[in-house]
Amino acid sequence: MFKGILIEKDDGGYRAALTDISEDSLPEGDVTLDVSYSTLNYKDGLAITGASPVVRSFPMVPGVDLVGTVQDSRDPEFKVGDQVLLNGWGVGEVHWGGLAQKARLQGRWLIPLPSAFTPAQAMAIGTAGYTAMLSVIALEKHGVTPDKGEILVTGANGGVGSFAIALLARLGYAVVASTGRVAESDYLKQLGAAEIIDRATLSEPGRPLAKERWAGAIDSVGSHTLANICASTRYRGTVAACGLAQGMEFPGSVAPFILRGVTLAGIDSVNRPREDRLEAWARLASDLDQSLLPLISHEIGLSEVLEVAPQILAGKVRGRVVVNLAR
Ligand code: NDP
């Protein structure tokens with residue numbers, strides 16, 4: 001038996017509980033892991049509370065990220081004792097995820113834990129940091145270099161936002177951070193933000209085109225915020241859209257795309273090909289200032305997950321939550 005969070009949905013309703021799970025009930029897969037660390041992402045908060053239909057198969061162990069040690073493997077690429085890392089691939093949604101002490105997964109979903117990081121550090125980064133890195137790479141691939149001008153990061157106090165600021169600032173970009181929590185400005189400045197703006201300036205319906213300001217943007221918020229960012233992005237700038245914290249809709253206009261040549265770059269981390277994952281994690285190893293990790297993240301035990309999950313949805317959690325499966 002091992003401990004884990006199990007989500008069930010039946011006539012008794014939708015519920016998540018910390019429980020003892022039998023190893024026999026692990027799903028199909030060619031690699032079995034002892035999970036050491038996982039995380040609590042926004043999506044895990046949705047899954048655990050049932051606030052949005054993230055979980056598509058029941059019962060489900062949530063947790064879209066994990067680091068573990070291979071206990072058993074039928075995949076030639078991984079042998080017993082290897083430390084591996086997983087982000088996404090529908091884990092925690094359609095296949096049992098990281099918020100349990102054991103996991104059985106497909107070997108092709110796994111990458112080796114980068115030697116630059118301990119398991120806890122890799123989970124401090126997690127899907128949020130990996131998605132921020134994918135977003136930075138997207139800006140670079142569209143020619144947004146530091147000399148082009150200011151980069152806007154929205155959802156700044158969140159996981160993706162925090163890493164986007166830290167990565168961009170380290171690479172020499174001038175970063176403007178948009179947040180609903182301006183009281184956390186000191187934190188955002190420590191990450192490298194040059195200026196903080198109130199997210200209320202972006203969240204209401206705006207004009208199709210506004211004064212050009214941003215050379216690029218990383219947006220984890222969506223909705224009117226994304227539309228307003230596009231409207232104020234400079235000629236041939238790029239906006240990396242990776243989230244929906246404000247909303248799923250995109251109430252915008254094509255004007256920025258057809259009149260200013262703005263690029264809207266969609267960022268998906270879940271089904272991302274393995275080469276892109278290896279590239280992003282290699283870049284995290286080289287470009288992230290690891291001394292910021294204790295500032296961005298804090299650790300909780302598996303036993304605290306159910307209590308913290310709703311706080312993430314309420315926007316009360318700053319940065320990243322690392323989950324230690326041993327406690
Ligand atoms: P967090 O909960 O850590 O951060 C979200 C942040 O968004 C909050 O901290 C808050 O920042 C801001 N925010 C919350 N509610 C609103 C609102 N109503 N209007 C405007 N801003 C708001 O989540 P993550 O950083 O982990 O994820 C951010 C988003 O990105 C989520 O929507 C998530 O689903 C998505 N995501 C997508 C991925 C992909 O593959 N495309 C991968 C990972 C995440 P502040 O307090 O500073 O305003």
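Which polar side-chain atom lies 2.5 Å from an oxygen atom of the ligand? The legends below take up this point after the source of the model.

This is a predicted model, in which local features need pLDDT of at least 70 and side-chain atom pairs count only at pLDDT 80 or more, while totals for chains, interfaces and linings use all residues. Residues are numbered from 1 along each chain as its sequence is written, and side-chain values use heavy atoms, with hydrogens and water left out.

**View 1. Surroundings of the ligand.** The atom asked about belongs to Thr179, whose polar side-chain atom lies 2.5 Å from an oxygen atom of the ligand, a polar contact being a pair of N or O atoms within 3.5 Å, where within protein one must be able to donate a hydrogen and the other to accept it, and residues adjacent in sequence count only if both atoms are side-chain atoms. The ligand is surrounded by 23 residues (each with a heavy atom within 4 Å of it), and the closest are Thr179, Gly180, Arg199, Cys242 and Ser269. Polar backbone atoms also take part: one of Asn157 is 2.9 Å from an oxygen atom of the ligand, and one of Ala156 is 3.4 Å from an oxygen atom of the ligand.

**View 2. The interface of domain 1 and domain 2.** An automatic or database assignment divides the chain into domain 1 (2-113 + 292-324) and domain 2 (128-266). Their contact, meaning heavy atoms within 4.5 Å, takes 13 residues from domain 1 and 14 residues from domain 2. The area buried between them is about 1100 Å², with 66% given by carbon and sulfur atoms; buried area is the accessible area (1.4 Å probe) that two parts lose on being put together, summed over both. In domain 1, Leu295, Ile296 and Arg318 lose the most area to domain 2, together 42% of what that side buries. Across the interface, 3 residue pairs are in polar contact, both residues at pLDDT 80 or more.

**View 3. The cis peptide bond between Phe58 and Pro59.** The bond that joins Phe58 and Pro59 is cis, with omega of about -10°. Pro59 is found in the loop between helix H1 (42-49) and strand E4 (65-73), where helices (H or I, at least four residues) and strands (E, at least two) are DSSP runs numbered from the N terminus.

**View 4. Ser223 and its positive phi.** Ser223, although not a glycine, has a positive phi of about 50°, and its place is in helix H5 (residues 223-231).
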